[in-house]
There are 2 protein chains.
Amino acid sequence: MTRADRPDPGDLDLTKQVCFALYAASRALTAVYRPVLERLGLTYPQYLVMLVLWERGQTSVKALGESLQLDSGTLSPLLKRLEAAGLVDRARDPRDERSVVVSLTAAGDGLRDQATGIPRAIAEATGVPASELTYLRDTLRKITEAATAAPDKETT
Amino acid sequence: MTRADRPDPGDLDLTKQVCFALYAASRALTAVYRPVLERLGLTYPQYLVMLVLWERGQTSVKALGESLQLDSGTLSPLLKRLEAAGLVDRARDPRDERSVVVSLTAAGDGLRDQATGIPRAIAEATGVPASELTYLRDTLRKITEAATAAPDKETT
DNA sequence: GGCGGTTTAGTTGTGCGCAATCTAAACCGT
DNA sequence: ACGGTTTAGATTGCGCACAACTAAACCGCC
């Protein structure tokens with residue numbers, strides 16, 4: 001069922017451009033993080049996991065996956081690497097043995113201090129004004145929500 | 001509580017949120033493409049390569065890399081798979097044997113017809129108005145440019 | 001209690017992305 | 001013509017993402 005505000009032909013190119021812009025911008029920004037995070041021995045997805053843990057102290061793998069929108073196929077090996085690096089502990093929840101609780105080690109908690117300056121460093125490196133960032137964030141969230149709820153495009 | 005009480009705490013969180021929003025939105029939109037492209041036997045990066053070829057007919061690997069901002073480490077195996085799928089040909093440029101020219105096969109050219117409806121399908125699936133898409137595209141380009149040119153402390 | 005279905009992680013396999021390294025071809029100044 | 005440099009592409013290794021599958025624990029129900 002097409003909407004009343006269906007895009008006209010001119011918009012088709014636009015969609016293409018937006019998708020690529022998103023794809024390119026995401027990789028470009030991650031590349032800005034890379035050298036900064038390298039000093040902490042983290043990749044960007046690992047940094048995201050640490051952000052959640054610094055805020056919550058501990059979480060199940062499931063909750064982590066919901067927050068970051070990643071599945072166990074991605075998280076399991078990633079968490080294994082964080083554990084091998086001595087930053088997190090993993091243990092089955094005794095209340096529910098299906099669940100694995102991820103928590104910070106002392107080293108993982110200590111890393112937080114070194115990470116506090118990162119958002120500022122990134123903001124300065126890119127130099128995009130906060131007003132635009134706010135609008136951008138909200139628009140991106142809207143797109144993510146719309147894409148996540150996207151219909152699977154029926155027949156043919 | 002874990003937040004830094006700095007002069008401008010709002011911006012720091014914002015940066016973090018924008019980066020994640022970008023990362024999440026990019027993956028979410030790619031996921032919308034996935035089932036659509038699957039019918040053509042293409043992944044999203046492969047689709048991007050085909051878009052360039054449908055527009056230009058042929059390109060060198062280098063030019064392709066500049067357009068998509070991907071290096072040979074990514075493109076070489078990707079093009080090999082497209083070649084194995086019978087969609088493209090690869091040949092050394094006789095004028096400069098260092099360069100490899102990628103061109104469309106008949107099958108690759110024929111796939112264009114099936115691909116014309118894709119941008120519309122994506123636009124409808126997400127349902128974000130064109131006015132926002134335009135602003136979004138321009139902001140993303142600005143960020144990509146800023147990130148690509150980002151000053152890096154590891155400079156010597 | 002035992003059975004069937006669900007939930008939670010982990011594993012396997014494929015395809016990016018990117019750094020580092022390698023090879024070969026082209027260019028360049030002498 | 002020559003040796004050094006630059007350039008284009010391929011290869012290797014690692015870490016995501018994601019689909020498909022497996023195994024174990026939980027749950028409801030009889």
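Analyst: Start with strand E2 (residues 88–93) of chain A: 6 bridges join it to E3(A), and the two run antiparallel. Strands pair if DSSP finds at least two bridges between them. Helices (H or I, at least four residues) and strands (E, at least two) are DSSP runs, numbered from the N terminus.

This is a predicted model, in which local features need pLDDT of at least 70 and side-chain atom pairs count only at pLDDT 80 or more, while totals for chains, interfaces and linings use all residues. Residues are numbered from 1 along each chain as its sequence is written, chains are lettered from A and ligands numbered from 1 in the order in which they are written, and side-chain values use heavy atoms, with hydrogens and water left out.

Back to the strands. E2(A) and E3(A) make a hairpin, with 2 residues between them. E3(A) spans residues 96–104 and also pairs with strand E1 (residues 58–60) of chain A, antiparallel, over 3 bridges. Take A:Ser103 in E3(A). It is the bridge partner of A:Gln58. A:Ser103 is also the bridge partner of A:Asp89. In a regular strand the side chains alternate between the two faces of the sheet.

Now the rings. Phe, Tyr and Trp (its six-membered ring) pair if their centres lie within 6.5 Å; planes under 30 degrees apart are stacked, over 60 edge-to-face, and the rest tilted. The whole structure holds 11 aromatic pairs over all chains. One of them is A:Tyr33 with A:Tyr47, tilted, at 5.7 Å centre to centre and 40° between the planes. This pair links distant parts of the chain: A:Tyr33 sits in helix H1 (residues 9–38) of chain A and A:Tyr47 in helix H2 (residues 44–56) of chain A, 14 residues apart. A:Tyr47 also pairs with A:Tyr44, again tilted, at 6.2 Å centre to centre and 40° between the planes. A:Tyr44 and A:Tyr47 are 3 residues apart in helix H2 of chain A, so about one helical turn separates them.

A:Tyr33 is buried, because its relative accessibility is 1%. A:Tyr47 is buried at 1%, and A:Tyr44 is buried at 6%.

One aromatic cluster draws on both chains: A:Phe20, A:Tyr23, B:Tyr33, B:Tyr44 and B:Tyr47. The charged end of A:Arg27 sits over the ring of A:Tyr23, 4.4 Å from its centre. That label needs NZ of Lys or CZ of Arg within 6 Å of the ring centre and within 35 degrees of the ring normal. In chain B, B:Arg27 lies over the face of B:Tyr23, at 4.4 Å from the ring centre.

Terms used:
Buried means under 20% relative accessible area, exposed over 50%, partly exposed in between (1.4 Å probe, protein chains only).
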